[in-house]
Amino acid sequence: MPVYRDEGVVLRTMPLGEADRIVTLFTRRNGRVRAVAKGVRRMSSRFGARLEPAMYVDLQLHQGRSLDIVTQADLLGSYGATLAVDYGRHTAAAVMLETAERLTSEERQPALRLFLLLVGGLRTLASDEHPAPLVMDAFLLRALAVSGYGMALDDCARCGEPGPHPTVSVAGGGVVCPRCRPHGAATASVAAVRLLADLLRGDWPGAEATDVRTRREAAGIVAAYLQWHLERGLRALPHLERA
């Protein structure tokens, strides 16, 4: 079987037999890959702790017919271990990991920009540099954008009329002007739309200057927009801790 090396983030795991584990990985060069990690559930495993969700690892794998086999895993970033001790950051990471998996619908299709966004988002979460909900929402907005589902936050998503526009159409692709407002569009505060734009652009001082009410409103818009484009809800969202 061909052997290859790649670096990747562990998206999720599931037990296989008594001692093995199936690991879903998002890799830099090979996209989403599923592989078997043999014996990692034993106490004597050499790299079992490195193959937990949100861990960033350098891998050696044998390519198989349906599942690859992990033969080596060296730690590049122990984000999963750091995030596991903080419920708010742990649940935010779970949403990010599930989103990355859902946006990579086909296995072995490289998605470098999304991969780099995920690694950077997990690193920022683990550093405790910014509030976890804002880091997560920034990742979700950017992940959707690089996957072709960018949200219009300045000009009208339908006619291009310059904003600001206090109305958001999830189905329509973002903010809309009064003339283009479709049935079902929701009124949004100017502050919430500005926060979304700040998160998308990486303006952390502007984002962190907002109040809790504005953050919750913006988060609701992001969640609705994300689930609309994924076409079904995320399992991790109900467990999310919001400040």
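Trainee: In which sense do strand β1 (residues 3-16) and strand β4 (residues 56-62) pair, and over how many bridges?

Mentor: Strands here are DSSP runs (E, at least two residues), numbered from the N terminus, and two strands pair if DSSP finds at least two bridges between them. This is a predicted model, in which local features need pLDDT of at least 70 and side-chain atom pairs count only at pLDDT 80 or more, while totals for chains, interfaces and linings use all residues. Residues are numbered from 1 along each chain as its sequence is written, and side-chain values use heavy atoms, with hydrogens and water left out. For β1 and β4 the sense is antiparallel, over 7 bridges.

Trainee: Which residue in β4 stands opposite D6?

Mentor: β1 covers residues 3-16 and pairs with β4. The residue in β4 opposite D6 is L59.

Trainee: In what order do the strands of the closed barrel run?

Mentor: The barrel has 5 strands, with mixed pairing. The twist averages 50° from one strand to the next. The order is β1-β2-β3-β5-β4.

Trainee: At about what angle to β1 does helix α3 (residues 112-127) run?

Mentor: Helices are DSSP runs of H or I, at least four residues long. Axes are lines fitted to C-alpha atoms, for helices over the stretch in contact (heavy atoms within 4.5 Å), and angles run from 0 to 180 degrees between N-to-C directions. Helix α2 (residues 87-103) lies across β1, β2 and β3, at about 115° to β1. Helix α3 lies across β1, β2 and β4, and its angle to β1 is about 65°.

Trainee: How many residues of α4 are buried, and which helices do they pack against?

Mentor: Buried means under 20% relative accessible area, exposed over 50%, and partly exposed in between (1.4 Å probe, protein chains only). α4 is mostly covered, with 12 of its 15 residues buried; among them are L134, F139 and L144. The helices they pack against are α2, α3, α5, α6 and α7.

Trainee: Which residue just after α4 takes a positive phi?

Mentor: The phi is about 95°, and the residue is G148.

Trainee: What percentage of the 243 residues in the protein chain is buried?

Mentor: The protein chain has 7 helices and 8 strands. Of its 243 residues, the buried share is 48%.
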